[in-house]
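Biologist: Could you walk me through how the ligand sits in this protein? I would like to go through it residue by residue.

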Amino acid sequence: MKYALIAALLIGCGSGEISGPTAPPQKTVSKELEALTVRNIDWNAAKVDVGAVSAIAEDDEELVLFGSKGATLMAGGAVHGVIPGAAAWTAAAAIPAADGVGDWIVGAADTGRLFRVRAESVLEDISERYGLGADKVRTIVGIDKTSVAFGFEGGLAIADGEKVTRYEGPKSGLLAGGGGRLAWIDGGAVKVFTLVDRKVRSFPLAEATGAAIDSAGRVVVIAGRTLWIESDGVLTVRWTADATFGAIATAGPRVWMTVGSELAVATGDALSKSSGANVANDARLSGTPAGDLWIVASTGVRKVSGSAPSEVIADWEATIKPVYAKVCASCHSPGGTAGSDLSTYDGWLQRKDKINQRVLVDRTMPPKGTPMEESERSVIRDWLTRAGR
Ligand code: HEC
């Protein structure tokens, strides 16, 4: 069993602290705000009663809803198990397995105990395994591929695959992790812990209410109506919205936020905002690696995907353009012999039904004599799905 060795170090987070910027950040980068298209994903087509859900975790195989019925296990849109347990949960996540094999789906009950979904029918109490038997776990946050942090009342514990290290604080609970870092809010500042040097850095920001770490490892902070993104070691205002930010969560390449009853997304430096998303004001967010979002609220659970124009084009350029250049360009360039220009995103979007028909259904494109890999057809299939075919 891993984690036999538990280094119960109690290091005050203050002791490893290096000071943050003392002068208030001055740079304000104003960015054009794009329109965010939000689509509801039908995750429960059979309309199964899943009770009052309070936390969600998902991995490649399984979706687990933690709530009033205990743990409800779903795969492919159908429920395949309900494990009775606690009726309320404060957190859930898919974390690297303590035995080193794959991942575990875990939930923190409101009692503070940590449970792992084991097989179809068992919720195993794993608090002791992480040396958390005496603690009330409140948050579960992934730091990187092998490390996970548990926030409990009075401190946090980091399990790195070999040992569990305990730290004092944060008093208000952990907020976010990713890219080898952890973030939380404490004493009028955003604290960012970096795993490599185990140091805490402080970004003073009195009004901060939420934080996330984006896919590039930068801290993203919401404070009242302003969004701050770390750049060159300081927090910089990126956007002053027309409503107050509520919740924030990272999902793959995106950082999602609620702003009033709308959703907003920061992808790299691009910002977009929905109109008409109608998000409940007590919504809590949890992202999926694919970039989609779970919204857990007293009004129920929603799963949504989102896209902004610049994201959509960046996606086309990253996935389709290389296939076009290799397989289609010889005939489908502007003015090419095929008579249809497929060199642009618009060209593909306009012909998405025909592309589906000719490349995937009839397989008459590319014509015989032009080789094309199956994996390249899959890239086109996946893109067509994302393009709403
Ligand atoms: C060797 C030349 C050649 C290559 C390579 C080629 N095509 Fe074509 N394509 C044609 C020609 C010629 C036509 C028009 C005649 C036809 O419809 O068969 C055509 C027609 C099409 C059409 C129908 C267009 C319309 O508006 O009716 C689609 C869609 C298409 N190609 C997609 C592709 C895609 C996607 C690729 C790359 C994966 C590709 N083709 C590669 C020559 C080619």
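Predicted model: local features only at pLDDT ≥ 70, side-chain atom pairs only at ≥ 80, totals over all residues.

Biologist: Which residues coordinate the iron atom of the ligand?

Modeller: Donors are N, O and S atoms within 2.8 Å of the metal (3.2 Å for Na, K and Ca), and water is not among the atoms, so sites may look incomplete. Here, the coordinating atoms are NE2 and SD, at 2.0 to 2.2 Å. They belong to H332 and M365.

Biologist: How many residues apart in sequence are the parts that this pair ties together?

Modeller: Helices here are DSSP runs (H or I, at least four residues), numbered from the N terminus. H332 lies in helix α1, and M365 in the loop between α3 and α4 (374-386). The pair therefore ties together parts separated in sequence by 33 residues.

Biologist: Is H332 buried or exposed?

Modeller: Buried means under 20% relative accessible area, exposed over 50%, and partly exposed in between (1.4 Å probe, protein chains only). M365, at 22%, is partly exposed. H332 has 12% relative accessibility, so it counts as buried.

Biologist: Which element gives the most residues to the shell around the ligand?

Modeller: The ligand is surrounded by 19 residues (a heavy atom within 4 Å). Five residues of that shell come from the top contributor, α1.

Terms used: Residues numbered from 1 in each chain as written. Heavy atoms only, no water. Helix = DSSP H or I, 4+ residues; strand = E, 2+ residues; numbered from the N terminus.
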